[in-house]
Amino acid sequence: MKKRNVAGQFAAGPRGWLYFDANSIGAMPKIAPRRMAKLLAEWQALRRRGWSESDWLDAPRRLGDKLAPVIGAKKGSVIVGDSTSVNLHKALAMAAGLRRGRRVIVSEAGTFPTDLYVAQQVARRYRCRLVLVKDPSELDAAIDRRTAVVYLSHTDYRTGHRHDLRAVTRRAHARGALTVWDLSHSAGAVATDLASGDADFAVGCGYKYLCGGPGAPGYLYVAPRLQARVEPAFQGWFGHAEPMAFEPRFRAARGIQRHAVGTPAVAGNVLFEAALDVFTRVNPAELFRKHAALSQLLISLVPEELILASPSDPHRRGGFVAFRHRQAEALVEELQARRVVASVRKPNIVRFGLSPLYHRETDVRELARRLHAMLD
Ligand SMILES: Cc1ncc(COP(=O)(O)O)c(C=O)c1O
């Protein structure tokens, strides 16, 4: 596919500002206001006959198919909807259910808190012990024949360390365990290789590098080979084979649709689709290469007071680059005063989220210039 530069299709923010918070919320596709205005006009005119028109109803699967190539998945294996936390509940419960009888869920002590809260409850329900490793290097030894599920953030939200999904999944499968991946800090910025890496379940946020807008829906991936075997974690009418037949007994829809629960978030889907339509115009492999180049450039240019906290190998890094600084919080405040948006994770981490969709080399050079001017 031919490489396309789509940077101009995103709102750049006020003149002179540099926005490097893609790990919290990605920039707005310029087409989004028009799409939203159309939805609001339809609502105002009351021309819709409720749910009889399929574009609202089919959006969770349609958006899932548009997202699939970005996360290395096949069509029909991704559904958009619900929050990441809810999708974590679904994925982990389904994986634990498929490995009933095994007694251990392996995860990381430093994983994002919502992932931990979900794991604590699912572990209780499935009578599993939660084993939390402190460092990725301990993971291999922690996965054994008792392991039901290996449950990980693909990219660590503080350090930006990215797991080798393929290698961890291979290890888990060799021990008879399943994998659940949270792709929130990877998807849209770096390769996640779900299908080629043979992942079992995955979830993630729509609002970070995927640019789906404030509070965008999350998504759920279920490997095609598991789809016929796995019952939905939460039964609801939108996961029914024929929701509009209003049958009293639940019959699961075929494929990924069975994991939908209730009414889709139509407005959120409209915004998310505006972003996914930009993604469909670019070659994901090119995007990921651009991300690696931008992040290497940033690392090579920042002042030496900023100590790299992320791995130095771009293949082991996620969407943002993290640095340690003694006064991280003050530094991010001062950057804001100099019209640079970055994010901080206490006590000493500064994060710069790089979006290969809209960040350019000149943005990274200007960021470095302002950092030098500030720290000098
Ligand atoms: C790794 C990870 N998972 C999940 C979430 C948030 O989940 P939710 O969209 O349900 O609030 C975040 C938010 O930053 C996150 O970093």
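User: In which loop is the place of Pro-347?

Analyst: Pro-347 sits in the loop between strand E12 (343-345) and strand E13 (349-353). Strands here are DSSP runs of E, at least two residues long, and helices are runs of H or I of at least four, both numbered from the N terminus. The model is predicted: local features need pLDDT of at least 70, side-chain atom pairs count only at pLDDT 80 or more, and totals for chains, interfaces and linings use all residues. Residue numbers start from 1 along each chain as its sequence is written.

User: What is the omega of the bond that joins Lys-346 and Pro-347?

Analyst: Omega is about 5 degrees, and the peptide bond between Lys-346 and Pro-347 is cis.

User: Why is Arg-127 called exposed?

Analyst: A residue is exposed if 12 or fewer other C-beta atoms, placed from the backbone, lie within 10 Å of its own, buried if 20 or more do, and partly exposed in between. Arg-127 has 10 such atoms within 10 Å, so it is exposed. Its place is the loop between H5 and strand E4 (129-133). Arg-127 also has a positive phi of about 50 degrees although it is not a glycine.

User: Is Phe-246 buried or exposed, and how do you know?

Analyst: Phe-246 has 8 other C-beta atoms within 10 Å, and is therefore exposed. Phe-246 lies in the loop between helix H8 (224-227) and helix H9 (266-279). Its phi is positive, about 50 degrees, although Phe-246 is not a glycine.

User: What makes the chain as compact as a globular protein of its length?

Analyst: The secondary structure comes to 12 helices and 13 strands. The radius of gyration is 21 Å, close to the 21 Å that the globule rule gives for 376 residues, so the chain is as compact as a globular protein of that length. The radius is taken over C-alpha atoms, and the rule is 2.2 Å times the number of residues to the power 0.38.

User: Which residues touch the most other members of the largest nonpolar core?

Analyst: They are Leu-92, Ala-96, Ile-105, Val-149 and Tyr-221, in a core of 103 residues. Helix H4 (residues 84-98) gives the most to this core, with 7 residues. The core also draws at least three residues from each of domain 1 (7-30 + 283-375) and domain 2 (50-279), whose bounds come from an automatic or database domain assignment. A nonpolar core is a set of buried Ala, Val, Leu, Ile, Met, Phe, Trp, Tyr and Cys residues joined through C-beta atoms within 7 Å.

User: What does Ala-96 touch, not counting residues up to four places away in sequence?

Analyst: Ala-96 touches Ile-105, Val-122, Tyr-126, Cys-128, Ala-148 and Val-149. Two residues are in contact if their C-beta atoms, placed from the backbone, lie within 7 Å.

User: How many residues of domain 1 and of domain 2 are in contact with each other?

Analyst: 28 residues of domain 1 contact 24 residues of domain 2. On the domain 1 side, helix H10 (284-301) and strand E10 (320-324) each supply at least two residues. That side divides into 16 nonpolar, 9 polar and 3 charged residues. Here Ala, Val, Leu, Ile, Met, Phe, Trp, Tyr, Cys and Pro count as nonpolar, Asp, Glu, Lys and Arg as charged, and the others, Gly among them, as polar.

User: Which residues come nearest to the ligand?

Analyst: Ser-83, Thr-84, Ser-85, Phe-112 and Ser-184 do, out of 13 residues around the ligand. A residue is near a molecule if its C-beta atom, placed from the backbone, lies within 6 Å of it.
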